[in-house]
Amino acid sequence: MFDTIVALATPQIKSALGIIRLSGENCFTIVNNFFNREIKFKDKNKIFYGYIVDKEKEETIDEVILLAYKNPYSFTGEDSVEIICHGSPLIFEKIIELSIKFGARLAKGGEYSFRSYVNRKIDLIQAESINDLINAESLESQKLSLLSLQGKTSKLIAPLKEDFASLLSNIEVNIDYPEYQDIEVITFEKIVEICNKNLKYIENLINNGQQGKIIKDGINIAIVGKPNVGKSSLLNSFLNEDKAIVSSIKGTTRDVVEGKINLNGIIINFFDTAGIRESDNEIEEIGILKSKQKIESSDLVIVVFDSTDLSKEDEEILDLVKNKKHIVVYNKKDKLTNLDDDKIYISALKNDINILKEQILKIFKISKDNYENPSINNARELGILQNIKKSIIDVLNEVQNKTSIDLISVMIKDIYLEILSLTGEDCDFDITKEIFSRFCVGK
Ligand SMILES: Nc1nc2c(ncn2[C@@H]2O[C@H](COP(=O)(O)OP(=O)(O)O)[C@@H](O)[C@H]2O)c(=O)[nH]1
Ligand SMILES: [Mg+2]
């Protein structure tokens with residue numbers, strides 16, 4: 001067991017109640033120094049009612065409920081205490097001060113979850129989902145993170161792990177003990193078969209994961225176009241409020257204006273940008289530069305044209321987005337009488353933009369399955385899956401080149417270790433520390 005850590009698990013603000021957690025080998029002894037009852041119990045856990053007291057100053061701090069957990073029956077797997085006190089930052093401070101006075105140390109960000117992981121109460125995928133759950137901005141995203149916390153996402157790794165473990169052990173037995181006749185002789189065909197099967201499986205995991213990531217993290221959409229086409233009006237129409245200034249004066253929008261909506265469960269961040277044109281105004285030019293940067297950093301770009309005023313400048317903007325996922329919309333539909341079948345017409349002014357919303361959903365193709373089933377949707381985990389995919393393709397190439405079985409065995413072992421690193425079973429200690437350091441204190 002580790003030393004005892006203490007942290008506030010709820011926000012440092014006035015509220016009805018607050019929770020302070022302690023975890024580590026001396027936590028009961030430490031708390032006994034400032035609790036008016038003795039924490040002693042036989043069961044896995046016990047609830048105590050009592051008072052936090054500064055015995056030295058003979059001062060009562062608060063009336064509390066105290067939950068005590070014996071190892072391994074706690075979140076961290078260690079002896080733990082949760083003190084539910086009244087929600088005053090002064091009380092929080094005093095209880096933490098007393099805990100430190102009697103031997104606890106202030107926890108670092110993510111240290112509780114890190115201990116839970118080290119003590120094998122949760123794996124790395126589950127640990128990462130705690131952060132995702134806290135940061136979820138939609139019910140759908142929260143649901144996906146919960147599936148992950150429950151261990152359902154980690155189960156997706158099991159077939160991969162099994163296949164490569166058995167492939168690896170078979171190859172090694174064949175290399176080390178060629179005299180054993182009864183052990184399946186691993187031929188190159190077998191390696192190819194397993195690699196091909198799992199390559200398909202991983203590609204599927206990556207696709208579902210990317211969709212899950214969209215649900216979880218949302219998407220960034222930049223609205224661009226020349227001045228006066230109706231970009232700010234479009235942002236306002238999406239948001240249903242007058243957030244950006246709309247005017248017929250060219251160059252009105254200079255800074256990037258942001259707005260967030262929930263479109264069928266997907267959180268979308270819109271960025272209304274300065275109209276792109278040749279300008280000799282220094283401030284407007286900075287705005288235009290920002291517009292161009294936003295094009296680069298967005299997942300999708302909406303290029304707005306004014307249907308009543310198409311020009312060469314529009315074509316130049318199209319050229320800027322040619323390498324990005326984009327949708328071209330023709331605004332000010334209300335001023336037109338003839339419409340082309342193959343164009344997307346909207347009227348930002350009249351809030352006639354449903355066709356554009358449908359188009360956005362179509363581009364990101366989120367299905368019911370993506371909302372309801374677990375997926376490996378964390379950036380770190382998706383990155384590892386991409387690496388594994390690449391390594392499997394490398395093995396297939398080496399087999400084709402008739403490389404020696406010893407070398408292929410090393411490559412397969414690396415794949416196996418990568419698979420284990422998804423759940424953190426063979427993760428470099430420093431990497432996991434880095435992952436947990438992104439958590440908030442008290443988690
Ligand atoms: N008739 C019509 N006018 C619009 C529409 N959208 C925007 N406008 C007008 O076009 C002008 C420029 O709009 P704005 O949103 O500021 O354009 P931006 O410079 O691209 O941000 C304003 O006078 C708006 O009222 C539309 O759908 N129909
Ligand atoms: Mg504008």
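The following dialogue explains how to read several features of this predicted model.

Q: Which conventions apply to the model and its numbering?
A: The model is predicted, so local features need pLDDT of at least 70 and side-chain atom pairs count only at pLDDT 80 or more, whereas totals for chains, interfaces and linings use all residues. Residues are numbered from 1 along each chain as its sequence is written, and chains are lettered from A and ligands numbered from 1 in the order in which they are written.

Q: Which residues of the largest nonpolar core touch the most other members?
A: A nonpolar core is a set of buried Ala, Val, Leu, Ile, Met, Phe, Trp, Tyr and Cys residues joined through C-beta atoms within 7 Å. A residue is buried if 20 or more other C-beta atoms lie within 10 Å of its own, exposed if 12 or fewer, and partly exposed in between, with C-beta atoms placed from the backbone. The largest core here has 36 residues, and Ile223, Val224, Val303 and Val304 touch the most other members. The elements that each supply at least two residues of this core include helix 7 (188–217), strand 7 (219–224) and strand 10 (300–306); helices (H or I, at least four residues) and strands (E, at least two) are DSSP runs numbered from the N terminus. Apart from this core lies another, of 27 residues, among them Phe114 and Ile157.

Q: What does Ile223 touch?
A: Two residues are in contact if their C-beta atoms, placed from the backbone, lie within 7 Å. Leaving aside residues up to four places away in sequence, the contacts of Ile223 include Lys231, Leu234, Phe270, Ile302 and Val304.

Q: Which residues come nearest to ligand 1?
A: A residue is near a molecule if its C-beta atom, placed from the backbone, lies within 6 Å of it. Of the 21 residues around ligand 1, Gly230, Lys231, Ser232, Ser233 and Leu349 come nearest. Helix 8 gives the most to this shell, with 3 residues. The shell divides into 5 nonpolar, 12 polar and 4 charged residues, where Ala, Val, Leu, Ile, Met, Phe, Trp, Tyr, Cys and Pro count as nonpolar, Asp, Glu, Lys and Arg as charged, and the others, Gly among them, as polar.

Q: Where do the buried residues of helix 9 fall around its axis?
A: An α-helix has 3.6 residues a turn, so residues three or four places apart point the same way. In helix 9, Ile288, Ser291, Lys294 and Ile295 are buried. Seen down the axis, they fall within an arc of 115 degrees, so they line one face of the helix; the arc is that of the directions from the helix axis to the C-beta atoms. The face turned away from the buried side carries the exposed residues Glu282, Ile283, Leu289, Glu296 and Ser297. Strand 7, strand 9, strand 10 and helix 10 (312–320) are included in what covers the buried residues of helix 9.

Q: Which peptide bond is cis, and where is Pro72 placed?
A: Most residues other than glycine have a negative phi, and most peptide bonds are trans. The bond from Asn71 to Pro72 is cis, with omega near 5 degrees, and Pro72 is in the loop between strand 4 and strand 5.

Q: What is the phi of Arg120, and is this residue buried or exposed?
A: Arg120 has a positive phi near 60 degrees, though it is a residue other than glycine. Arg120 counts as exposed because it has 11 C-beta neighbours inside 10 Å.
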